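Subject: A structure for you to look at

Hello,

Here is the structure I promised to pass on. Please open it first, and then read my notes below.

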Amino acid sequence: MKKKNTTVLGAILILTIIGIPTVLTLNANSTPNYPINEQGQTYGSDPLTIEPSQEPDLLEATGENGVEGYLKTSDLRPQVSSPEEAIAFQKTTEATGYRSIPLYESDGITVIGEFRLHFSK
């Protein structure tokens, strides 16, 4: 019974985090000026951006083995639309201890490595 409660609690936590509106804002009137690649995607670092509308499409990151590249910010958010999907996502990440995300060149197409988003238990 405890395992089931923990799984359900985890699913609720994931859905809550995804659904919580951002309460903090840095400066709602200014949007960072990022470079744009040939696909029309913005790319760069994102040290203090709070609002998703201010994030670049491709976020600078260092992946496995020190490979430097970019993550698609859309890949950072779990794509779950139901409690069942959230539980399945949680089980997968618990089994591996991390979530693997492709690392791209600034073109947003060429995969050059892997970024691992680790989860602690």
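Is Tyr70 buried or exposed? With a relative accessibility of 15%, Tyr70 counts as buried (buried is under 20% relative accessible area, exposed is over 50% and partly exposed lies in between, using a 1.4 Å probe and protein chains only).

Before the rest, a word on how to read these notes. This is a predicted model, in which local features need pLDDT of at least 70 and side-chain atom pairs count only at pLDDT 80 or more, while totals for chains, interfaces and linings use all residues. Residues are numbered from 1 along each chain as its sequence is written, and side-chain values use heavy atoms, with hydrogens and water left out.

Let me start with the aromatic rings. The search of the whole structure turned up one aromatic pair. Because Tyr43 is in strand E1 and Tyr70 in strand E3, the pair ties together parts that are 27 residues apart in sequence. As for the terms, rings of Phe, Tyr and Trp (its six-membered ring) pair if their centres lie within 6.5 Å, and planes under 30 degrees apart are stacked, over 60 edge-to-face and the rest tilted. Helices (H or I, at least four residues) and strands (E, at least two) are DSSP runs, numbered from the N terminus.

Next come the salt bridges (a side-chain nitrogen of Lys or Arg within 4 Å of a carboxyl oxygen of Asp or Glu). The structure has two of them. One joins the side chains of Glu55 and Arg77 at 2.5 Å, N to O. Glu55 sits in the loop between E1 (43-44) and E2 (58-62), and Arg77 in the loop between E3 (68-72) and helix H2 (83-96), so this pair links parts 22 residues apart in sequence. Arg77 is partly exposed, at 35% relative accessibility. Glu114 and Arg116 also meet in a salt bridge, at 3.3 Å, N to O. Glu114 is partly exposed at 23%, and Arg116 is partly exposed at 29%.

Strands E4 (residues 98-104) and E5 (residues 111-118) run antiparallel and are joined by seven bridges (strands pair if DSSP finds at least two bridges between them). Arg99 stands opposite Leu117 in E5. Six residues lie between the two strands, and Gly108 in this hairpin takes a positive phi near 75°.

Best wishes
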